[in-house]
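Please have the sequence and the model at hand while reading this briefing. The points below are grouped by topic and can be followed on the structure one by one.

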Amino acid sequence: MSLFKGFLKNNKDKGERIGVDPQNIPTHIAIIMDGNGRWAKRRKLPKILGHREGSNVLKKIVRYCDKLGVKYLTVYAFSTENWKRPKKEVDELMDLLLEKLKNAEKELGGDQAKIRVIGNIKGLPIDIQNEIKRVERVTSQNSGICLNIALNYGGRDEIVNAVKEIVTEAEKGIIKNDHIDEEYFAKKLYTWYMPDPDLLIRTSGEKRHSNYLLWQMAYTEFWYTDVLWPDISEAYIDEAIMEYQKRNRRFGGV
């Protein structure tokens, strides 16, 4: 069950109410939505149906995070390494992605979500590129949660692209070496417009970065669950946030 607000329960031993503290909600949550294929396999279904169910769960989680007060939600939808998968699976994923993007302002983000895509967009099919531009444009003035969808995204690729851009600027005399610091570098990343993630949620029992937001997650709190992404509910988001709220984030200090 959800433990947020109306679902808070009494701790009879201590006489305290326990649950999500609405005053300490992570500003930015990143999610690795893992386990779609295994979810389908366990049900003897085609893998693409697992991805489709996963996209339905994403819609629910985006709206719930918006309700909680999360400002940014970044989800790993397709990595630079995912092109190595069988062609049939990649083609089906691209078709599903295009289908969801065509109505993303309603089907993924809700009425007030701002949708943005991070990654090497030019490496995607042109029809998907066009839909990305459209959905970013039509949701740009929305005032709700910012849903960032990582497509054709790789952390190493992102860092290399940032280095290339800075080198080009240095060669043109736009920037001097002494002016290049962490803040300047971060502005060259795909995520330049938002704060680093406070919390990473990864489903399906895997405990890896998987080349995701490598620069940005220097001080992110990690939370893992064995639950497959299509089985994730609002209660698991509560659980992750409550664990986050127990931690003492020192950022290298005492």
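In this predicted model, strand E4 (residues 72-79) and strand E6 (residues 146-153) run parallel and are joined by seven bridges. Within this pairing, Thr-74 has Asn-148 of E6 as its bridge partner. E4 is mostly covered, since seven of its eight residues are buried.

**The sheet and its strand pairs**

- Six strands form an open sheet with parallel pairing, and their order across the sheet is E5-E6-E4-E3-E7-E8.
- The edges are strand E5 (114-118) and E8, each of which pairs on one side only, and neighbouring strands are turned against each other by 20° on average when direction is ignored.
- E4 is also joined to strand E3 (residues 28-32), and these two strands run parallel with five bridges between them; here Ile-29 has Leu-73 of E4 as its bridge partner.
- E3 in turn pairs with E7 in the parallel sense over four bridges, and in this pair the bridge partner of Ile-32 is Arg-202 in E7.
- Strand E7 (residues 199-202) pairs with E8 in the parallel sense, again over four bridges, with Leu-199 standing opposite Glu-221 of E8.

- Strand E8 (residues 221-224) has one covered face, made up of Glu-221 and Trp-223, and one uncovered face, made up of Phe-222 and Tyr-224.
- In a regular strand the side chains alternate between the two faces of the sheet.

**Helix H2 against H8**

- The axes of helix H2 (residues 47-68) and helix H8 (residues 234-246) come within 10 Å of each other and cross at roughly 45°, and H2 and H8 are therefore oblique to each other.
- The crossing in which H2 passes H8 is right-handed, and the contact brings together Lys-60, Ile-61, Tyr-64, Cys-65 and Leu-68 of H2 with Glu-234, Ile-237, Asp-238 and Ile-241 of H8.
- By class, the residues in this contact of H2 with H8 comprise six nonpolar, no polar and three charged.

**Helix H2 against H3**

- H2 also packs against helix H3 (residues 87-101), where the axes come within 10 Å and cross at roughly 30°; H2 and H3 are therefore roughly parallel to each other.
- H2 passes H3 in a crossing that is right-handed, and the residues that meet are Lys-47, Ile-48, His-51, Arg-52, Ser-55 and Asn-56 in H2 and Glu-89, Glu-92, Leu-93, Leu-96, Glu-99 and Lys-100 in H3.
- The residues of this contact of H2 with H3 fall into three nonpolar, three polar and six charged.

**Helix H3 against H5**

- H3 packs with helix H5 (residues 126-139) at an angle of about 25°, and their axes are 9 Å apart, which makes H3 roughly parallel to H5.
- The crossing of H3 and H5 is left-handed, and the contact is formed by Met-94, Leu-97, Leu-98 and Leu-101 of H3 together with Asp-127, Ile-128, Glu-131, Ile-132, Arg-134 and Val-135 of H5.
- In the contact of H3 with H5 there are seven nonpolar, no polar and three charged residues.

**Two serines in the loop between E7 and E8**

- Ser-204 lies in the loop between E7 and E8 and, although it is not a glycine, has a positive phi of about 80°.
- Ser-204 has a relative accessibility of 8% and therefore counts as buried, the limit being under 20%.
- Ser-210 has its place in the loop between E7 and E8 as well, and its phi, near 55°, is likewise a positive value in a residue other than glycine.
- With a relative accessible area of 30%, Ser-210 is partly exposed.

**Two lysines, Lys-164 and Lys-188**

- Lys-164 belongs to helix H6 (residues 155-171) and is exposed, because its relative accessible area of 53% is over the 50% limit.
- The C-alpha atoms of Lys-164 and Lys-188 are separated by 9.7 Å, while the two residues are 24 residues apart along the chain.

Definitions and conventions: Residues numbered from 1 in each chain as written. Predicted model: local features only at pLDDT ≥ 70, side-chain atom pairs only at ≥ 80, totals over all residues. Heavy atoms only, no water. Axes fitted to C-alpha atoms, helices over the stretch in contact; angles between N-to-C directions. Parallel < 35°, antiparallel > 145°, perpendicular 65-115°, else oblique. Left-handed = near helix turned anticlockwise from the far one by under 90°. Contact = heavy atoms within 4.5 Å. Nonpolar A, V, L, I, M, F, W, Y, C, P; charged D, E, K, R; others polar. Buried < 20%, exposed > 50% of the residue type's maximum accessible area, 1.4 Å probe, protein only. Pairing = 2+ DSSP bridges.
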